[in-house]
Amino acid sequence: MELVKPAFGLIFWMFVSFALILFLLKKFAWKPILEMLDEREKTISDALNSAQKAKEEMTALRAGNEKLLQEARNERDNLLKEAREAKEMIINEAKTKATEASDKILASARENISNEKMAAITELKNYVATLSIEIAEKVLKQELADPNKQKELVQTLLKDTKMN
Amino acid sequence: MLNNINGFRSFLPKATAFSLAFIFSAFLAFAHEDEHKASAEAAHDTIETVQHDSIATEAHAEAEHHGEEKFDAGKMIMEHVADAHDWHLWGHTSIPLPVIIYSSEKGLTVFSSSKFNHGHDDYNGYRLEHNTVVAVNEDGTVNEELSANLWDISITKNTASLFISLLIMLFVFISAAKAYTRNPNTAPKGLQAIIEPIIIFVRDDIAKASIGPKYKKFMPFLLTVFFFIWINNLLGLVPIFPGGANLTGNIAVTLSLAVFTFIIILINSNKNYWIHVFAMPGVPVWVLFLLTPIEILGVFLRPFVLMVRLFANMTAGHIIALSFFSLIFIFGEMNVVAGYGVSIFSLAFTLFMTCLELLVAFLQAYVFTLLSAIYFGSAVEEHHHAEEHH
């Protein structure tokens with residue numbers, strides 16, 4: 001059986017050339033190819049990771065923006081509310097003050113009026129008194145001009161006094 | 001142990017096919033002898049003596065002698081699967097290859113194989129007999145003593161084919177490597193795109209899966225052996241030059257590959273591996289008396305099985321395809337019409353077998369690499385991994 005009898009020459013060449021090609025391919029082919037494959041796989045996975053990270057950052061950023069916007073909106077609403085309140089307050093205050101002032105004026109006017117009235121009344125009373133005395137003087141002067149009448153009067157007065 | 005069983009299981013069907021093919025070709029030869037009883041002995045002698053000449057020369061010689069050539073399927077097939085000192089192309093044309101002989105008496109001798117004139121002439125005290133170079137005496141008789149001490153390192157057909165395949169590999173992979181270093185981190189193009197998926201397949205599905213974290217050390221060998229077997233299997237399927245040599249179906253080649261695997265196992269094996277061989281942990285002492293010889297045998301059996309599987313598969317494939325092809329000529333000798341009729345089926349079957357061999361070419365490269373990787377894996381396995389399967 002020549003088929004199953006290994007030939008020395010072929011084994012010799014096989015060992016020499018296979019060892020040689022193993023060395024050559026290891027150094028010049030497999031090493032760079034495998035390194036490059038590893039490197040490329042690493043680059044791809046890195047790129048995918050960073051893309052994922054960027055996506056996450058983007059989402060976070062968008063959420064942050066949304067939050068900031070919401071805050072600004074709230075701030076604006078608060079400011080408007082405060083302004084409205086301030087306005088109301090100022091108006092109310094002014095109203096109150098105006099009312100108070102007018103009340104005061106009215107009160108002082110009323111007081112003045114009453115004072116003036118009292119003065120006028122007093123003056124009128126005095127005048128009336130003076131007038132009455134003058135009238136009474138004139139009447140008495142007229143009445144007591146007759147000496148009978150004077151005697152009558154004295155008598156009456158004395159009568160009244162005796163009674164007492 | 002499981003690995004061995006698996007390996008053996010995948011080896012069985014192919015071995016059956018191999019033996020069937022042998023029986024088949026023997027049957028063809030036998031039938032042939034039956035038909036031509038008168039010339040049987042003579043034909044047999046012819047096979048024995050000038051078996052390894054090119055067919056054309058043989059056919060030419062016979063045509064001259066008998067007027068009509070006779071077709072011998074067994075001889076034709078054996079010529080195609082065996083090694084030769086020249087590379088037969090077609091008809092009378094063949095490429096002579098260098099013969100390199102070292103003998104203790106004459107030293108190193110180098111000459112062209114065309115000097116032998118296909119085994120008809122002696123040259124410089126050497127003769128080509130049974131495709132083997134032997135030393136002859138002055139009187140023309142074979143010098144047995146000197147022949148036994150000849151170191152024949154001729155560039156035979158298989159050696160030439162080996163060199164061609166290695167040049168192809170060097171060109172393909174070094175140019176691919178250059179493409180990788182020239183354009184790093186880009187999508188693969190051309191040659192790169194063809195070999196890259198296979199390299200990744202070998203790395204991820206063979207090396208990483210079978211060896212584990214220490215796979216990097218073995219990658220160069222696994223890749224080289226995978227592509228070597230695959231490319232040579234494919235070259236063997238090409239019927240014309242520079243293909244056609246049955247390199248991976250040559251036992252010397254598969255032996256060398258298996259020895260490389262064996263040496264790498266021996267270099268890299270750790271303490272744990274040898275403990276498992278000589279004293280399997282967790283096994284009663286009396287069982288060890290039985291188990292240890294089996295395990296020691298297993299150490300040598302593994303590369304041996306690698307050698308036989310590849311050799312048998314590739315040779316069987318070649319023999320089957322050639323057998324179908326031979327049917328055309330066998331029937332054609334009986335009757336020209338029968339020859340043409342059979343040729344349709346023969347061609348269909350040969351085509352089918354060739355397609356199957358394309359698959360087998362890849363499969364055998366895969367199996368050899370995978371089993372090597374599994375053996376490397378068991379050689380570098382750490383203790384805690386080993387405990388798991390007990």
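These legends accompany several close-up views of a predicted model.

**View 1. Strand 1 and strand 2 of chain B form a hairpin.**
Strand 1 covers residues 86-90 of chain B, strand 2 covers residues 93-96, and four bridges pair them in the antiparallel sense. To find your place, look for B:Asp86, which has B:Pro96 of strand 2 opposite it. Two residues sit between the strands of this hairpin, and B:Gly91 there takes a positive phi near 50°.

**View 2**
Strand 3 (residues 98-103) runs antiparallel to strand 4, and six bridges join the two. A handy landmark is B:Pro98, which stands opposite B:Ser112 in strand 4. While you are looking at strands, remember that side chains in a regular strand alternate between the two faces of the sheet.

**View 2. B:Phe311 sits in helix 11 of chain B.**
Helix 11 spans residues 285-334. Is B:Phe311 buried or exposed? B:Phe311 counts as buried because 26 other C-beta atoms lie within 10 Å, and the cut-off for being buried is 20 or more. Setting aside neighbours within four places in sequence, B:Phe311 is in contact with B:Gly249, B:Ile251 and B:Thr254. B:Thr248 is 63 residues away from B:Phe311 in sequence, yet their C-alpha atoms are 6.3 Å apart in space.

**View 3. Helix 8 and helix 12 of chain B pack together.**
Two packed helices are described by the angle between their axes and the distance between those axes. For helix 8 (residues 219-237) and helix 12 (residues 336-380), the angle is about 160° and the axes are 9 Å apart. Angles over 145 degrees count as roughly antiparallel, and these two helices are therefore roughly antiparallel to each other. Their crossing is right-handed. Residues making the contact include B:Phe226 and B:Trp230 from helix 8, and B:Phe362 and B:Phe368 from helix 12. By class, the contact has 13 nonpolar residues, five polar and one charged.

**View 4. Helix 1 of chain A packs against helix 8 of chain B.**
Now we meet the other chain. Helix 1 (residues 8-143) of chain A and helix 8 of chain B pack at an angle of about 110°, their axes 9 Å apart. The two helices are therefore roughly perpendicular to each other. Among the residues that meet here are A:Leu25 and A:Trp30 in helix 1 of chain A, and B:Met219 and B:Phe221 in helix 8 of chain B. This contact has nine nonpolar residues, one polar and one charged.

How values were computed
Residues are numbered from 1 along each chain as its sequence is written. Chains are lettered from A and ligands numbered from 1 in the order in which they are written. This is a predicted model: local features need pLDDT of at least 70, side-chain atom pairs count only at pLDDT 80 or more; totals for chains, interfaces and linings use all residues. Two strands pair if DSSP finds at least two bridges between them. A residue is buried if 20 or more other C-beta atoms lie within 10 Å of its own, exposed if 12 or fewer, and partly exposed in between; C-beta atoms are placed from the backbone. Two residues are in contact if their C-beta atoms, placed from the backbone, lie within 7 Å. Axes are lines fitted to C-alpha atoms, for helices over the stretch in contact, and angles run from 0 to 180 degrees between N-to-C directions. Angles under 35 degrees count as roughly parallel, over 145 as roughly antiparallel, 65 to 115 as roughly perpendicular and the rest as oblique. A crossing is left-handed if the near helix is turned anticlockwise from the far one by less than a right angle, and right-handed if clockwise. Ala, Val, Leu, Ile, Met, Phe, Trp, Tyr, Cys and Pro count as nonpolar, Asp, Glu, Lys and Arg as charged, and the others, Gly among them, as polar.
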